[in-house]
Structures are given as C-alpha cells and as structure tokens.
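Hi,

Here is the structure I promised to send over. Have a look at it first, and then read my notes below.

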There are 2 protein chains.
Amino acid sequence: MGSFFKITEGIVAVSRSLADGRRQIVGIHPPGDCVGYLEINGNYLFQGEALTDVGACAFDRRKFDLFALRNPDVAASVSETLASRLEKAGHQMTVIGQFKAIERVADFLSKIEKLYGARGLPTKPLTLHIRRGEIADHLGLTIETVSRCFSKLKKRNVIALIESDSVVLLDPERLAEIGQVEQ
Amino acid sequence: MGSFFKITEGIVAVSRSLADGRRQIVGIHPPGDCVGYLEINGNYLFQGEALTDVGACAFDRRKFDLFALRNPDVAASVSETLASRLEKAGHQMTVIGQFKAIERVADFLSKIEKLYGARGLPTKPLTLHIRRGEIADHLGLTIETVSRCFSKLKKRNVIALIESDSVVLLDPERLAEIGQVEQ
DNA sequence: CGTTAGATTGAGGGGATTCAAAATTGGTGG
DNA sequence: CCACCAATTTTGAATCCCCTCAATCTAACG
C-alpha cells in the first residue's frame, strides 16, 4: 500500500471484480507501464494480477507526489499518461458497448499486437500471455464465445494458431477492418 | 480548437461515433465539469453534444498548460481530476461489460441522481436531461431495451415516471441493489 | 385538429450464453 | 520418450436475453 509500480518485466492485468464473481479487466499492461497509481487513502481502486512472472519497480506514492510538485515536467508527464489512459478507456468502452463479439476479438488482437510491438515484445508469432478467460473478461464475453471467434478468424485465414497462447496475424489489415480499428 | 471548456450551465454528453452510425456516450457532464480537454494537436478525441442549452467558459489550452507548469497545485488538481475520470471509466466499463440490461439502467439512475445531487441539481423529481436513445448509447443497449427496463422498474415500484424525462426514485436502496452500486 | 418526435409495447429472430462433452495442451514422473 | 493427469480450449446443442422490426401511444406544437 502507498506505492505504485512501474513494470519492468511481464504482463499485468488491471481489473475490477463484483461480489458474484464477475469481473472486468480494464487494462492490460506490458513492461514500461505503471500500475497501482489509482488509490484513495491507501486503498487501490482496482485489482492487479500478474499474467506472467512480473518484475516491477515500486515508487512511494507520497514521495513521488511531492517530487512532482517540485518538478512541473514530471507533473505534466503524469497528466499526459493519465490522459492517454482515459482515451484508451473511452475506446475500450466503445468496443464493449457497441461491437459484436468477433469485432471485439479482432480489435483486441490488433491492439495487443500494436501494444506489444511498441514495447519490443515479439509479434511474429504473437504470444498473448493472456488466456481465453481473461480475454473474455476484458471484452465482456464468455470463454466459449472468444474461442469460437478465434476459430472463425482461423477459418477465414485471418489468423493462425501456433499454440493456444500464440497467434500469427496472417492478414492484419483484414483484422483491423473487422475490428474497425482506425489506422 | 485549442480550447477546453468548463460547463457553467446545462448537460453535455461526450461520445465517440463509428463510421456506421453506432456511438458510445462515454461521459455525461453537469455544470462544474470540464470537457474538451483530451486532444492531440488541435483535434479533439471525442465529440461533445449539448443535451440541453449549455453555458460554458472557454480556456485556451496552451495558456492553461503554461499556467499549470508554474502552479504545481493546479497541475496536481488536473491529475486528480483525470484520475477520478479514469476510475469512473473503469466502473462504466464494468457496467457495460458485465451487467445485464436492467442492472445497467438501475446503475445509471443511481449514478445520475448522485451526480446531479452533488451539483445541486433537483433530484425530486429527477430530471434526466437525456433521452432514451442517449441512455441506450451510454449503456450499450437499444432504445427499446432501455424503455422496457424503465417499465419493469416502474412495475416493481422502484421508480415512478412523471414525464418521460422526469423520474422519481421511490426506492433508491432497491435501485442501488439492482445496480450493484456500492455505497 | 393534424403533425411530428419520442416513448412504449408486442412479436419474432438472432447472437451470445449456458450447460455439457470432447479435444488439446502442458506438466510430471516412470 | 511416452504414459498419465490436470488444466485449458474447442465444439455442440439448447436456452435466453437483447435486438430488430413494426405498430401504438403520448405529448408538444403550429
């Protein structure tokens, strides 16, 4: 408590769970991202789960905030990061609220490739580091529906499955089209 | 362009539209909130729509950012606001991704009452200032489904409809229960 | 009083879920 | 290397919830 973390290794899912077990994964974070920043007097507002082995650098929140007060450029950078997260959140809301199942899965794959690619993680093949159940909870679907969508995309030769966790995007443009991702 | 706005009067919906007409309303903002803050070199990332007549105070983004660089407390306040928005976005994502239709509508009504109440807008009765279609686009449902949920809640004596735009929350606790809202 | 926009209600269909079973994968030890 | 087991994924069938299409109703306005 009282700390936030910059991920140095591995993938982290940030989520929110309901009393009855349903959960929503609101963010997936590769190395470079910070998590655990949102808290109210020591209570984190979301859960974090390590999807792989994770290495992270802990920062004391209070000290960091004091530091930011004296370093305007740091404060500006925090705002920028938060703003960028907020934009992504708005997009994800649109995906969950308006997209059909296959559109959501296509969007997810496109975005994961972009995300991992930007951090230098391998994308050919693309190792997801996230299981069907977690993809489902991220997209507001069920495991079975996600699996069926993978099968459909495979049958259409848009993707190929190496292992269940490892995908090759055979036709990224088609995928982006299905996922309505603007380039 | 180049400005953001603090709402002084009326209600604003912030949304994102797809090529085929589908849209997601990602935020509803009463007086006191700022909108139009998220932009990238002059292009707003979301649309804003006035749901009522709106009065607002425009701030030049560049000047404001410079001002914030010299006033750490202002910068901190911006971060706080963004963080709070991000939290709300995470909640809304959970609502859209995991809740059933009636749970979404109940959650919406609970939240709107809280939101308007906090800004001194009348809540007895509660004037929504937002039509069925907009509620639908906010919750990832259709007009008809939203209307049916209103009817169900009315039949269960949880709410009463004065006009289509004006509601009385007869049993707020029950409503919060259905909407799974934590107090 | 007719018109129009928005809301409600009904009937039918479809996409995602649920429940269940089979197949695949991954890990462990012989 | 393979057999065996648990965990995960895939696939199938049936159900359900929400959507779509359509008609009706209501309220506001000229």
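This is a predicted model: local features need pLDDT of at least 70, side-chain atom pairs count only at pLDDT 80 or more; totals for chains, interfaces and linings use all residues.

**Helix α1 of chain B**

Let's start with α1(B), which runs over residues 61-70. Which of its residues are buried? They are Arg61(B), Phe64(B) and Ala68(B). These three sit on the same side of α1(B), because they cover an arc of only 60° around the axis. There is a handy rule behind this pattern: an α-helix has 3.6 residues a turn, so residues three or four places apart point the same way.

What do the buried residues of α1(B) pack against? In chain B, their partners are the strands β1 (3-9), β5 (39-40) and β8 (55-60), along with helix α2 (72-98). If you turn to the face pointing away from that buried side, you'll find the exposed residues Arg62(B), Lys63(B), Leu66(B) and Arg70(B).

Leaving aside neighbours within four places in sequence, Arg61(B) is in contact with Gly2(B), Ser3(B), Phe4(B), Tyr37(B) and Glu39(B).

Also check the N-terminal end of α1(B), which is capped by Asp60(B). A side-chain oxygen of Asp60(B) lies 3.0 Å from the backbone nitrogen of Arg62(B).

**α3 and α5 of chain B**

Staying in chain B, look at α3 (residues 101-118) and α5 (residues 143-155). Their axes come within 9 Å and cross at roughly 75°. Angles of 65 to 115 degrees count as roughly perpendicular, so that is how α3(B) stands to α5(B). On the α3(B) side, the contact involves Ala101(B), Ile102(B), Val105(B) and Leu109(B). They meet Thr145(B), Val146(B), Cys149(B), Phe150(B), Lys152(B) and Leu153(B) in α5(B). Sorted by class, this contact has 8 nonpolar, 1 polar and 1 charged residues.

**α4 and α5 of chain A**

Now over to chain A. How do the axes of α4 (residues 132-139) and α5 (residues 143-155) cross? They do so at roughly 100°, coming within 8 Å, and these two helices are therefore roughly perpendicular to each other. From α4(A), the contact uses Arg132(A), Gly133(A), Ile135(A) and Ala136(A), while α5(A) brings Ile143(A), Val146(A) and Phe150(A). Here the classes come out as 5 nonpolar, 1 polar and 1 charged residues.

Is α4(A) mostly covered or mostly open? It is mostly covered, with 7 of its 8 residues buried. Among the buried ones are Glu134(A), Asp137(A) and His138(A). The cover includes β3 (23-29), α2 (72-98), α3 (101-118), α5 and β10 (159-163) of chain A, together with α2 of chain B. Just after α4(A), Gly140(A) takes a positive phi of about 75°.

**A loop residue in chain A**

Last stop: Thr52(A), in the loop between β7 (47-50) and β8 (55-60) of chain A. This residue is partly exposed, with a relative accessible area of 22%. The side chain of Thr52(A) reaches the backbone nitrogen of Ile11(A) at 3.0 Å. As for Cys34(A), its C-alpha is 16 Å from that of Thr52(A), and the two are 18 residues apart in sequence.

Over to you!

Definitions and conventions:
Residues are numbered from 1 along each chain as its sequence is written. Chains are lettered from A and ligands numbered from 1 in the order in which they are written. Side-chain values use heavy atoms; hydrogens and water are left out. Axes are lines fitted to C-alpha atoms, for helices over the stretch in contact, and angles run from 0 to 180 degrees between N-to-C directions. Helices (H or I, at least four residues) and strands (E, at least two) are DSSP runs, numbered from the N terminus. Angles under 35 degrees count as roughly parallel, over 145 as roughly antiparallel, 65 to 115 as roughly perpendicular and the rest as oblique. Contact means heavy atoms within 4.5 Å. Ala, Val, Leu, Ile, Met, Phe, Trp, Tyr, Cys and Pro count as nonpolar, Asp, Glu, Lys and Arg as charged, and the others, Gly among them, as polar. Buried means under 20% relative accessible area, exposed over 50%, partly exposed in between (1.4 Å probe, protein chains only). The arc is that of the directions from the helix axis to the C-beta atoms. A polar contact is a pair of N or O atoms within 3.5 Å; within protein, one must be able to donate a hydrogen and the other to accept it, and residues adjacent in sequence count only if both atoms are side-chain atoms.
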